[in-house]
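Q: Could we go through this structure together? I would like to begin with how its parts meet.

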Amino acid sequence: MTDITNLGPVIDVLADMRRIGIFSDYAIGGAVAGILYDEPFTTFDLDIFFFFVEDQTGLILSLEKIYNYARERGFVFDKDFIKIHGWPVQFVESSSTELWTEAIETAPIKSIDDRQIKVIDPEHLAAMWIFAGRKKDFYKIDKFDESKLMNADRLKDILVRFDLLTRWRTAQDAFSPEYRF
Amino acid sequence: MNSLKHLIESKKRFRQHQRDLSPTEKIRQLELLQRRYYSIMADRERSGGRPIPAEVKRWAEAQREIGIEI
């Protein structure tokens, strides 16, 4: 198989991590997920939202299994990132945040370089971005607005269920009428 | 005025074309964008301008680690 992208081999690594029992489920989130629904724009890392197989106990979340896996295969660390086949990857454990949990569980599958991987959907991404509330997150929501990528009913439902409607309303004057609730 | 309208329409069509690309092709385009952006940032730094942003440097190191010259 000839890889068209460097992301294909990264997906293979993630599938392997799941196969050997490090993850139970995972999905692409963040800017790369946004790109997969919209148009390409520059971003330089990959966010992977995941659940461990075993419930984490203790106050401090341990990513030791991921770090050990990476170390054994010669992947280099850089602070919060593990560099895998040319991509800095940030792993975000998601079991303690209900929005992220649902985002992963309901993420549709996309085909990249003949591999299948879950990619968090536009409505959950927008909710996660309004929750994070950084300038770059508003930019990404704005791009989704411009492209009319979000289903308004589905988005509102998510915002209501995860208590984000008030936060959305403080920003929605900048959005198209269909995304003002 | 007509040429401005034409330009706006062309840009709209191009952006729609970009949205309609397959996921694989979008990632391929992203990886090309990354290299172009890095090249611009590196030129800027070499010319005495602002340093390459940390996230871009991290990406560049990741590329070099797999033998990609950028």
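**Domains and helices**

A: In this predicted model, 12 residues of domain 1 of chain A are in contact with 11 residues of domain 2 of chain A; contact means that C-beta atoms, placed from the backbone, lie within 7 Å. Local features need pLDDT of at least 70, side-chain atom pairs count only at pLDDT 80 or more, and totals for chains, interfaces and linings use all residues. Residues are numbered from 1 along each chain as its sequence is written, while chains are lettered from A and ligands numbered from 1 in the order in which they are written.

Q: Where are the bounds of the two domains of chain A?

A: Domain 1 covers 7-120 and domain 2 covers 123-179, with bounds from an automatic or database domain assignment. Their centres, taken over C-alpha atoms, are 23 Å apart.

Q: Turning to chain B, at what angle do the axes of helix H2 and helix H3 cross?

A: The axes of H2(B) (residues 23-46) and H3(B) (residues 54-65) cross at roughly 115° and come within 11 Å. Axes are lines fitted to C-alpha atoms, for helices over the stretch in contact, and angles run from 0 to 180 degrees between N-to-C directions.

Q: Which residues make that contact?

A: H2(B) contributes Gln34(B), Tyr37(B), Tyr38(B) and Met41(B), and H3(B) contributes Val56(B), Trp59(B) and Ala60(B).

Methods. Two residues are in contact if their C-beta atoms, placed from the backbone, lie within 7 Å. Helices (H or I, at least four residues) and strands (E, at least two) are DSSP runs, numbered from the N terminus.
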